[in-house]
Amino acid sequence: MSKKWVFASLVTDDKDAIGLIAYALYKHKKHTLATTLRNEGREENDIQTQVQTFHDQTLQHNSLDDYRDKATNFLNQMIKEVETREKEKYQKEKAKSDKEHKSTLTKEKTKLFNKIKNYQEVNREWYEKLGSWLLSGIPSIVSSFIVTCLLLGASMFLVSEAKRQEVFTELASKYLGIQQGAQPTKSSANQKPQPPSR
């Protein structure tokens, strides 16, 4: 009767991953048995006999199916660990990529808005620039003075010459400190001078 080999019973071909893993598990168990017996100080003949008994029992009982089941579970566990590891790696890379993308997008938006703002600033009409400058609040004192002058100048064209003279006199007196000689009013001009009292 020809000797039956565990390898041939477990592995169908060189692409049979389950069979190859099952055979590796069998060999590991066989090696562990021999090492344990040696550590116990057993004789080499006794060790060889027990290893052969282990071999024969593996072939005679349902142990081959057990090894294939263990190999299937082992392979599934390995695949699951690889999937978990790759998934975590993908999530980290995705989070990093999303963060970089968001940062780049924000920078590009800022650049675009600045270019639009600069373009609008350069291509605005002179009166839009003047209006923006006057209302900006930065040159508030100057702009207030210019607006006041413009309003006063415009209003001067709408009033009589006498009223204009009166406004200029009042402004010169109030803001520039120029004092005019007292102008006689109409009522005082019509009155006769009174002789000094004795």
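Predicted model: local features only at pLDDT ≥ 70, side-chain atom pairs only at ≥ 80, totals over all residues.
Tyr23 counts as partly exposed, at 21% relative accessibility. Tyr26 is buried, with a relative accessible area of 2%.

**Aromatic residues**

- The whole structure holds four aromatic pairs.
- In the pair of Tyr23 and Tyr26, the ring centres are 5.8 Å apart and the planes stand at 35°, so this pair is tilted.
- A pair of aromatic rings is described by the distance of the centres and the angle of the planes.
- Tyr26 is buried at 2% relative accessible area, and its ring also forms a stacked pair with Phe54, with 5.6 Å from centre to centre and 5° between the planes.
- Tyr26 in helix H2 and Phe54 in helix H3 are 28 residues apart, and their pair links distant parts of the chain.
- Phe54 counts as buried because its relative accessibility is 14%, and the cut-off for buried is under 20%.
- One aromatic cluster is formed by Phe7, Tyr23, Tyr26, Phe54 and Tyr67.

**Nonpolar core**

- The largest nonpolar core has 12 residues in all, among them Val6, Leu10, Ile18, Tyr26, Phe54, Leu64 and Ala71.
- At least two residues of this core come from each of helix H1 (6–10), helix H2 (17–39), H3 and helix H4 (63–122).
- H2 gives the most to this core, with four residues.
- Leu10, a member of this core, is in contact with Asp16, Gly19, Ala22, Tyr23, Tyr26, Leu64, Tyr67 and Arg68, leaving aside neighbours within four places in sequence.

**Thr58**

- Where is Thr58 placed? Thr58 is in helix H3, which covers residues 44–60.
- Thr58 is buried, with a relative accessible area of 2%.
- The side chain of Thr58 reaches the backbone oxygen of Phe54 at 2.8 Å.
- Not counting residues up to four places away in sequence, Thr58 touches Tyr26, Ser63, Leu64 and Tyr67.
- Of the residues that Thr58 touches, Tyr26, Leu64 and Tyr67 belong to the largest nonpolar core.

**Asp16**

- Asp16 lies in the loop between H1 and H2.
- Is Asp16 buried or exposed? At 10% relative accessibility, Asp16 counts as buried.
- With neighbours within four places in sequence left aside, the contacts of Asp16 are Leu10, Val11 and Arg68.
- Leu10 and Val11 are both residues of the largest nonpolar core.
- Arg68 is in contact with Asp16 and also with Leu10.

**The protein as a whole**

- The secondary structure comes to eight helices and zero strands, and from the N terminus on the elements run α-α-α-α-α-α-α-α.
- The protein has 198 residues, of which 13% count as buried.
- Of the contacts with a separation of 6 or more, 45% are accounted for by residues 24 or more positions apart.
- The accessible surface comes to about 17,100 Å², and 57% of this surface belongs to carbon and sulfur atoms.

Conventions. Residues numbered from 1 in each chain as written. Heavy atoms only, no water. Buried < 20%, exposed > 50% of the residue type's maximum accessible area, 1.4 Å probe, protein only. Contact = heavy atoms within 4.5 Å. Areas by Shrake-Rupley, 256 points an atom, 1.4 Å probe, with all protein chains shown as cover. Polar contact = N/O pair within 3.5 Å; in protein donor to acceptor, adjacent residues only side chain to side chain. Core = buried A, V, L, I, M, F, W, Y, C linked by side-chain atoms within 4.5 Å. Phe/Tyr/Trp six-rings, centres within 6.5 Å; stacked < 30°, edge-to-face > 60°.
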